[in-house]
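Subject: Handing over the structure

Hi,

Here's the structure I promised to pass on. Have a look at it first, and then read my notes on the charged residues below.

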Amino acid sequence: MKRFALHRMLMVITFVVFTQFVFGQMSNYKSLYIYNFIKRIEWPVAQSDDSFHIVIFGDESTFESISKIADSKLAGDRPIVVEYIEEVEELEFADLIYVDYSKRKDIPEISLWIKNRSILLVSDYKNAKQTDINLLESSDGLEFIIRPDLIRDKDLKLSDMLIQLGKIDNENQ
């Protein structure tokens, strides 16, 4: 009986460690995708200051991961500032907003806040039609749905490579 309990406890510990590893890795992948979106999209000349502002809404792991990237990388020639928020009311300024699945119900309100300003809206919620880019977990890893017309309407310039790498959402195009 003790062997069974020990075996069961080891299985639970292994599962917890593995789950934390996988979620940690996924946050790293999301952060790398977000950084590569920044590299492959051109924003209009900065209107407020010289920094590129990323707002992470509801995902502390991705916030920590993208903050590490921001410490050593630039958005073009601009330093990257990363902010973490838990409520829509905390939004003040952004060039890119990432909305975690756990905050998906707030996407319509964030979309209204953005209007047609040059702010890229990214989420990992597959069914969010108001977002510019949706990150999706698949059996092949991470992929993304892109809505070029929504992005261009915000006066953002997409690279052809980004369009080729993503899946275009034909419902909005």
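Lys-129 forms a salt bridge with Asp-169, and their closest N and O atoms are 3.5 Å apart. By salt bridge I mean a side-chain nitrogen of Lys or Arg within 4 Å of a carboxyl oxygen of Asp or Glu. This one ties together distant parts of the chain: Lys-129 sits in the loop between β6 (120–123) and β7 (133–138), while Asp-169 is in the segment after β10 (167–168), 40 residues apart. (Strands are DSSP runs of E with at least two residues, helices are runs of H or I with at least four, and both are numbered from the N terminus.)

Before I go on: this is a predicted model, where local features need pLDDT of at least 70 and side-chain atom pairs count only at pLDDT 80 or more, while totals for chains, interfaces and linings use all residues. Residues are numbered from 1 along each chain as its sequence is written, and side-chain values use heavy atoms, with hydrogens and water left out.

Back to that pair. Lys-129 counts as partly exposed because its relative accessibility is 35%, whereas Asp-169 counts as buried because its value is 8%. The cut-offs are under 20% relative accessible area for buried, over 50% for exposed, and partly exposed in between (1.4 Å probe, protein chains only).

Next up is Glu-143 with Lys-167, a salt bridge whose closest N and O atoms are 2.8 Å apart. Again, distant parts of the chain are linked: Glu-143 belongs to strand β8 (residues 141–146) and Lys-167 to strand β10, 24 residues apart. Glu-143 is partly exposed at 22% relative accessibility, and so is Lys-167, at 46%. There's a network too: salt bridges with shared partners join Lys-129, Arg-147 and Asp-169.

How many salt bridges does the structure hold? Nine. One more of them worth a look is Arg-78 with Asp-95, at 3.2 Å from N to O. Arg-78 is in strand β4 and Asp-95 in the loop between β4 and β5, 17 residues apart. Both ends count as buried, Arg-78 at 13% relative accessibility and Asp-95 at 7%.

Finally, have a look at Glu-90, in the loop between β4 (78–85) and β5 (96–99). Glu-90 is partly exposed, with a relative accessible area of 34%.

Happy browsing!
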